[in-house]
Each structure stands twice: as structure tokens, then as C-alpha cells.
Amino acid sequence: MGAQLAAFSRQVPLLYFILSVNSIALAFTHLGIAPTSLTVVFPGFLVGACAIRCLIWPRRRDHVVEPKAAARTLRATVALGGALGFAFLAWALSLFPYGDISRYGHILFFVGITVVSCIFCLMHVRPAALILTGTVIAPFVIFLLASGDVVHIAIGLNLFLVTIAMTYILIICSGQFAAMVNGQIETRRLSNENFRLANVDSLTDLPNRRQFFHRLSVLAERAGTEGHRFVVGVLDLDGFKAVNDLYGHGVGDRVLQESGRRLLELSDDTQFIARLGGDEFGIIVDADLDPEAVLAVGAKVCSVFDAPFSVAGIVAKIGGSVGFALAPDAGTTAELLYERADYALYHAKARYRGQPVIFSREHEVEIRKLSTIEHTLRRIDLDAELSLHFQPIVNVGTARLVGFEALARWRNPELGDVAPDVFISVAERTELIGTITQVLLRKALAAAHSWPEDIFLSFNLSMHDLISQVTILQIVALIESSGIDPRRIIIEVTETALMQDYERVQDSLRILRSMGLKVALDDFGSGQSSLSYVHQLSLDKIKIDRGFIRNIATQENARNIVKTVIDLCRNLKFDCVVEGVETAEQVEIIGRLGCSTMQGYFFARPMPQSEVETFIANFRISDDPRMAAAAG
């Protein structure tokens, strides 16, 4: 109806121009012959009405008409068309008694040409055109046929047949117009749907990554040219991977949907929230906020995850960490702002999980430092600069040295000693970790070759190693060619690594175990869902995180937790190792709780391979009074 009204509105001036010109011409030819009421008053009234409609038209032509108003206008047009048609016909026929043959012809011409012109002007509003045709042509044809004049009868029949043809053309054109309009509507619908699919996340109905970066780019450009201030945030869910792995992707999807709904309820007119992919969300706050206000926004964002998620009869607890970057201080390009917000998020997840962190100058210094480390790692001879230190693992109960854990070390002429957690983290982000793992494992296997057969080697694999089939196959090849009995090798994996891609990690561990290697879960208790993985994994050993040992002598809770884990290992038939043992008192307490295998500075600090053989040869637990007392 809106399209009909718009098309008709464009024809309004032409319609009334034709009516006015034809009426004036017919009135002029009968002036002085017919009464003044028929040649001046009545046609003047009709022409005046047409003029008024033409004057009103410019003020209404650009107005957006609501659907209900369009329907009312069309109904009025149908009624008005019938009334005007009948009025013009009645006027024309009233002039018949006052004319001669030539004026009869003019009247016939007036009726025919006026009706045909009006039909074409009204063809987009088919009901109005049909009403006009019916109210004018039908009576006029009957009038001509009833006149008894052969010429008039012929004209009447001619007009009747032409009208039928015109009506057919009207119906065809009207149908084509409707089909065209419906096609445009469908095209617009598909275009809107394509836009929605391209810019809206199908799972949460939030804006997607594409729309997020489009808006970010627009604001970043303003920040560069006008100094416009706004905030970019990147939010990541803590513990979501565990929910996905334990309960399936269906539950995970519903948790994401609920997360999006909670975030949307939290936002206001200045905040734009999008799902960037996986369990990562983007936030843009288009406002000039100081750091305290930004942290307040971040605290509100993190607080939406305080309440557990109740999905399909399952209650899941997850958290959220968020990193912010303030424009233009942190950057004036979309890529740089996102990268720095993402780094702030990384910093939050590593040190302030569940809290907001703002990108700062300290972070920028750290990024430059990590960039230097990355650049150096790419150009150095890894085999020459990387080395291993070995920390002994002792069974206090049997007074035996049972193994060594291999610990990575890097000393660079320019950078000096680089902490393992720093360069390993950089290597993981830059995909150098696979190469580094191979270099270190080759060195570790060569070192273990000279140890006694009853001493095992414990070696750490990163998450990236475990999810890379290429790296796993390279590890298998190294072990097979080393000549070391695979049963002497223990692979240590962290809970965090398991949570990244549980199924692929399981496949990798299955391959390693099929060779005879053992698997230890390292830093047990430092993550969020250790117990949920323990019963699913084929483990041989659990290593209790040093964080529980630090206060074991003074805090009963710490002792209770350690005791619970030791009992869990015993019930599941896992070996148990306690890390971070530093005092004889801790050794004695741990032994009393039921665990005899320990590792820590109390026994020895990590040492280079050149000192390992001497340590093995001289190791006698009875020679150390502290060890003897703890073991006794």
C-alpha cells in the first residue's frame, strides 16, 4: 500500500492537470450556448477543487506515511475517484441538449480521453481505476446505445471494447507492479538478513566481531583526528572451557547466551557490547572516562558472573576477566587499541583473575621487553643458548633418589638470564615452542642416558605441544631414537593445558602412554576444575602445587587440603609428589600425612647436568641429619 500510494502521488499533478484542461476546453466550446451554471459555475467548481488538490500535493509528497494512514488514503482515493468520475460524466452529459454535431463530438472526445488518461494515472491503485471506469464508462456506453443514433451506437460499442482492453492492460500492469514491489520487499528482507548475518552473532544476537571492529575503526579515526576519547575492553570468561568439556557444547552455548544477555542488561547508551568469538566479548564505551570510572565499569562487567549459571539442570560457576585500553592514550588505530586491551586482559588473567585491568605504560614497557625476547629467540642458535637444570625428586620413606625434573634455562649474551616462565610464554604465543621443546627434550634424553636405570626423567610439555600432532610425532621420534626406556620418562602437563583443548590433549597423551611413558598432572590445585579432570584422565601421578605447602606448618586448612589430595591419590592408585618442600618440618608433616615422594629446595636446588652425576653418586639420605630425622 505504501508503494501504491507513492506511485499514485507522483501522478497527482498530471491527473488534475488533464481534468482541468479538458474541462476548461469543453466549457469554452459551450460558452454562450449552454447555461452559465453549466459553462462557468460547475466547471469552475470542479477545476477549483483540482487546483486545491494540486496546491496541497507539494506539502505531502515527501511525507513518510504510516501503514494505517496509507490504507485510509487509498480508501479515500477510491471513493473520491468514483465521485469525481460520476460528477464529470454528469456534467458532460448535461451539455448534450445544448450542442450541435461538432459539440457532440467534443463531448464524446472529452469523456473518452479523460477516462483513458485517468485510468493510466490511477493504474497503480487498481480499485480506484476500476471504480472510475465503472462509474463513467458503463453509464456513458448505456447512454450512447440508448440514443438510437447509429453513429452513437458505434461509438458506444467501440468505447466498450476499448475499455475492456484497457481494463485487461490495467490488471496486467497492476499485477506486475505488485510483483515488482513484493520483489523489492523480499530483496530488502534478504539484504537485511544478510546484513544481520554479517554483523550479528547468531548464537547470542549480539553484534559480532566484524561490527565491533567497524565501530572501533570509526572511533579510532576520530581519536586520531579529533582527539576523541573512548574506552576499548576485551572480556574473557574464566573456567568456561571446563564447562564446555564437562557438559558438552549445548550447555556451553547456553552459558554464552546467558552471558550475552547479562552483559546486555548491564550496558547503557554509551556502551557497545559484541561477541568476538568463543568465550571472548568486546566492549566499547564511547565516553571520556578517567581510570577510576573505567575500573568501576570493569568491576560491574565482572560482577555479572557472580551468580552461577543454571542451565539444563546443571549449575555452572564461571568468572570473567577484562582488559581495557583508553583511546587516544593507548593508541589511535583499531588494531593497536584491541591489541593493548587484549594484553591488559592477558595480564588480568595471569595475575588478577576475575578483575579489570587497564593497559598502562608499565605494560607498554613489558610489551617492548617481550618483543625483544621474541626477536632474540627467532635469531639465536637455540641449541647453543638453551640448557637444562635438573631438580631431584626424593622418596623420603625409602631414602632413595627416584628422579629428576628437567627445567629450562636460557642465558643470552645481550639479555642475560631470562626467566623460563617469560621466554616459554613468548615462545607459546609465537609458535616457537615446538622447536624449543625438541631442543630441550633432546638434551634431557641425552642427560638421562648417563643416569642409573632406576632414576626417571620428568619433562614438561606445554599446551601448544599437546595440541600439535606434528610436535607429538616429533617427540615420539626423539624418544624412540634416544635409546632411553620410555617407562623411565614422565610427561608433566598442567591443568591449564588440559582446559585449552581437552580432546586433542587426550589424543596426544594416549599416543605417549601407548609407548610406555607415564603422565603426571602438575601444579594440582592451582586451577579451577582439577577434580573434574582427574577422573577422566589416565594419570599416573599428581604433583601437589607448592602453594599448599608454603603454610602447611602453620595452617590447619593447608594440611587438610594436602591430606585430602594424598588420600585421593591413594584411592585412585596414583603416585603423589609434593612440590616446594623447603624445611625439615614440612618434610615431617608431609610424611605424617601419608606422602613420601617430595621435591624442593630442602633436598637440592636445580643443578646443571655437570653436577647431576656427582649428586647421584654422593646422595645418601642418612648422611643428612635433617633428612634422616624426617624420614625416621
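Reply: The model is a predicted one. Ask about the packing of α3 and α4 to begin with.

Me: At what angle do helix α3 (residues 67–94) and α4 pack, and are they roughly parallel or roughly antiparallel?
Reply: The axes of α3 and α4 are 10 Å apart, and the helices pack at an angle of about 170°. Angles over 145 degrees count as roughly antiparallel. The relation of α3 to α4 is therefore roughly antiparallel.

Me: Which residues make the contact of α3 with α4, and how many of them are nonpolar?
Reply: From α3 come Phe-88, Leu-89, Trp-91 and Ala-92, and from α4 come Ile-107, Phe-110 and Val-111. This contact has no polar and no charged residues. The nonpolar count is 7.

Me: How are helix α4 (residues 101–121) and helix α5 (residues 126–146) oriented, and what is the handedness of their crossing?
Reply: The axes of α4 and α5 come within 10 Å and cross at roughly 160°. The cut-off for roughly antiparallel is over 145 degrees, so α4 and α5 are roughly antiparallel. Their crossing is left-handed.

Me: Which residues of α4 and α5 make the contact, and how many are polar?
Reply: On the α4 side are Leu-108, Val-111, Val-115, Cys-118 and Ile-119. The α5 side has Ala-129, Leu-132, Thr-133, Val-136, Ile-137, Phe-140 and Leu-144. By class there are 11 nonpolar residues and no charged ones, and the polar count is 1.

Me: Are helix α17 (residues 469–482) and helix α19 (residues 502–515) roughly parallel or roughly antiparallel?
Reply: The axes of α17 and α19 come within 10 Å and cross at roughly 10°. The crossing is right-handed. Angles under 35 degrees count as roughly parallel, so α17 and α19 are roughly parallel.

Me: Which residues meet between α17 and α19, and how many are charged?
Reply: Ile-472, Ile-475, Val-476, Ile-479 and Glu-480 of α17 meet Ser-508, Ile-511, Leu-512 and Met-515 of α19. The contact divides into 7 nonpolar residues and 1 polar residue, and the number of charged residues is 1.

Me: Is Ile-616 buried or exposed?
Reply: Ile-616 lies in helix α23 (residues 609–618). Leaving out residues up to four places away in sequence, Ile-616 touches Leu-401, Phe-404, Trp-451, Pro-452 and Ile-455. Its relative accessibility is 16%. The cut-off for buried is under 20%, so Ile-616 counts as buried.

Me: Is Arg-340 buried or exposed, and what does Arg-340 touch?
Reply: Arg-340 is in helix α11 (residues 334–351). Its relative accessible area is 13%, so Arg-340 is buried. Not counting residues up to four places away in sequence, Arg-340 touches Ala-325, Ala-330, Phe-359 and Glu-364.

How values were computed
Residues numbered from 1 in each chain as written. Predicted model: local features only at pLDDT ≥ 70, side-chain atom pairs only at ≥ 80, totals over all residues. Heavy atoms only, no water. Helix = DSSP H or I, 4+ residues; strand = E, 2+ residues; numbered from the N terminus. Buried < 20%, exposed > 50% of the residue type's maximum accessible area, 1.4 Å probe, protein only. Contact = heavy atoms within 4.5 Å. Axes fitted to C-alpha atoms, helices over the stretch in contact; angles between N-to-C directions. Parallel < 35°, antiparallel > 145°, perpendicular 65-115°, else oblique. Left-handed = near helix turned anticlockwise from the far one by under 90°. Nonpolar A, V, L, I, M, F, W, Y, C, P; charged D, E, K, R; others polar.
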